[in-house]
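Subject: Structure handover

Dear colleague,

Please find the structure below, followed by notes on what was found in it. Could you read the notes with the model open beside them?

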Amino acid sequence: MNLPHNVLMTILSEEGIVGLLFYVLAQVFFVRAIWRIRKNYPAGWLAFLYCLLVYVVIGLDDAIVYFSDINLFYIFVLGTLYQLQTRIVREQDFAVLTSQNPSLQVYSNA
């Protein structure tokens, strides 16, 4: 029994209720942020959802996701997905703004 079998129980046993609360809240807030911008780029939402499900399913079955290197890679991949989605949202908002006001297109070419 040297290897824990559930990441949530591992965090609960090592960090306590506060650590588990922060871990779960971090996951919830990240999903919530991606959920808010999913309409603008559905493929990004699906990529995020697949990464999250792989992470959660493996993490709940075998606590290998508790190690820091895997968590850093997970956060890097999901952060990159989030950044790409926010960039797409910004570009779509700017395209809508410039289509409504043609005088702004001069600034977009500079």
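Two rings of Phe, Tyr or Trp, with the six-membered ring used for Trp, count as a pair if their centres lie within 6.5 Å. Planes under 30 degrees apart make the pair stacked, planes over 60 degrees apart make it edge-to-face, and the rest are tilted. By this rule the protein has four aromatic pairs. Please bear in mind that the model is predicted.

Aromatic pairs

Phe30 and Phe48 form an edge-to-face pair, because their planes stand at 75 degrees, with the ring centres 5.8 Å apart. Phe30 belongs to helix H1 and Phe48 to helix H2, so this pair ties together parts that are 18 residues apart in sequence. Phe48 also pairs with Trp45, and here the arrangement is tilted, with 5.9 Å from centre to centre and 35 degrees between the planes. Trp45 and Phe48 are three residues apart in helix H2, so about one helical turn separates them. Both Trp45 and Phe48 are buried; for Phe48 the relative accessible area is 0%. Ring pairs join Phe30, Trp35, Trp45, Phe48 and Tyr82 into a cluster.

Confidence and overall layout

The mean pLDDT of the protein is 76, and 75% of the residues score at least 70. The protein contains four helices and zero strands, which gives the pattern α-α-α-α along the sequence. Of the 110 residues, 21% are buried. Taking contacts between residues at least 6 apart in sequence, 61% join residues at least 24 apart.

Helix H1

How far apart are the end C-alpha atoms of H1, given its 30 residues? They are only 27 Å apart, short of the 44 Å that a straight helix would reach at 1.5 Å a residue. H1 also bends by about 130 degrees at Glu15. The buried residues of H1 are Val7, Thr10, Ile11, Leu20, Tyr23, Gln27 and Ile34. Val7 lies in H1 and counts as buried because its relative accessibility is 4%, under the 20% cut-off.

Nonpolar core

The largest nonpolar core has 12 residues: Val7, Ile11, Leu20, Tyr23, Ile34, Trp45, Phe48, Leu52, Tyr55, Tyr74, Leu78 and Leu81. Helix H1, helix H2 (42-61) and helix H3 (68-100) each supply at least two residues of this core. H1 gives the most, with five residues. As general background, nonpolar side chains in soluble globular proteins tend to be buried together.

Gln85 is found in helix H3. Is Gln85 buried or exposed? Gln85 is buried, because its relative accessible area is 1%. Leaving aside residues up to four places away in sequence, Gln85 touches Ile34, Ile37, Arg38, Tyr41, Gly44 and Trp45. Gln85 and Ile34 are 51 residues apart along the chain, and their C-alpha atoms are separated by 8.1 Å.

Ile70 is also found in helix H3. Ile70 counts as partly exposed, because its relative accessibility is 36%, between the cut-offs of 20% and 50%. From C-alpha to C-alpha, Ile70 and Tyr55 are 9.4 Å apart in space, and they are 15 residues apart in sequence.

Regards

Conventions:
Residues are numbered from 1 along each chain as its sequence is written. This is a predicted model: local features need pLDDT of at least 70, side-chain atom pairs count only at pLDDT 80 or more; totals for chains, interfaces and linings use all residues. Side-chain values use heavy atoms; hydrogens and water are left out. pLDDT is the predictor's confidence in each residue, from 0 to 100. A nonpolar core is a set of buried Ala, Val, Leu, Ile, Met, Phe, Trp, Tyr and Cys residues joined through side-chain atoms within 4.5 Å. Buried means under 20% relative accessible area, exposed over 50%, partly exposed in between (1.4 Å probe, protein chains only). The expected span of a helix is 1.5 Å times one less than its number of residues. The bend at a residue is the angle between axes fitted to the seven residues ending there and the seven starting there. Contact means heavy atoms within 4.5 Å.
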